[in-house]
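Please examine the sequence and the fold shown here before reading on.

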Amino acid sequence: MQEFPDIGILHRRKIEAEIIKPIYEILVRDYGKEVAKAIIGEAVGQAAVNAGKELAAKEPNGTSVESFVALQHLWEQDDALKITVVENDHEKYDYNVHRCRYAEMYQEMGLAEIGFLLSCNRDSKFIEGYAPHVKLDRPHTIMMGDGICDFRYRLQVENEK
């Protein structure tokens, strides 16, 4: 995630999508959509877990809901997301996304059918790598046609895991 620190995540995702698109098309041609989606989903998901672990290793006091919130500017850079914070404390971070330029970009690129795999799916995988004790619940996404993305991050106590 830190390879090009001055390039925002929105721009990185566009570059990645330009590379992934022809790979996806070949996978669909040779193996069908379901296999192609599974392969892309697995590869992108693992990259997100690894990115989370990489950023977690740089946290001098370990990861927390607060340290995760401090990273949010990375995803919002370049006016990528319009959000409203619903609740934010040391145990939870709830926010709604009202505009997602990631979804708009994938639509424009003709990748709407895998946009969820290229971006949305990363969210739960990233937090898995970054802070396994924090869980994400997000039942709605703009990418999948909903009016909002409703992110609900929760610190998990030992017996809830």
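Which residues make the nonpolar surface patch of about 260 Å²?

## A nonpolar surface patch

The patch is made by Ile 15, Ile 19 and Ile 23. Patch members have over 30% relative accessible area and no salt bridge, and nonpolar side chains are joined within 5 Å. Ile 15 lies in helix α1 and is partly exposed, at 35% relative accessible area. Buried here means under 20%, exposed over 50%, and partly exposed in between (1.4 Å probe, protein chains only).

The model is predicted; local features need pLDDT of at least 70, side-chain atom pairs count only at pLDDT 80 or more, and totals for chains, interfaces and linings use all residues. Residues are numbered from 1 along each chain as its sequence is written, and side-chain values use heavy atoms, leaving out hydrogens and water.

## The two sides of helix α5

Helix α5 spans residues 101-108, and Tyr 102, Ala 103, Met 105 and Tyr 106 are buried in it. Seen down the axis, these buried residues fall within an arc of 160°, so they line one face of the helix. On the other side of α5, Gln 107 and Glu 108 are exposed.

The buried residues of α5 pack against α1, α4, β1, β2 and α6, where contact means heavy atoms within 4.5 Å. Just after α5, Gly 110 takes a positive phi of about 75°.

## Cysteines without disulfides

The structure holds zero disulfides, a disulfide being a pair of cysteine sulfur atoms within 2.5 Å. For Cys 100, the nearest cysteine sulfur is that of Cys 149, 5.5 Å away. Cys 100 counts as buried at 9% relative accessibility.

For Cys 120, the nearest cysteine sulfur is also that of Cys 149, 5.8 Å away. Cys 120 is buried, with a relative accessible area of 7%.

Definitions and conventions
Helix = DSSP H or I, 4+ residues; strand = E, 2+ residues; numbered from the N terminus. Arc of directions from axis to C-beta. Patch = residues over 30% accessible without salt bridge, like charges linked within 9 Å, V, L, I, M, F, W, Y side chains within 5 Å. Areas by Shrake-Rupley, 256 points an atom, 1.4 Å probe, with all protein chains shown as cover. Salt bridge = Lys/Arg side-chain N within 4 Å of Asp/Glu carboxyl O.
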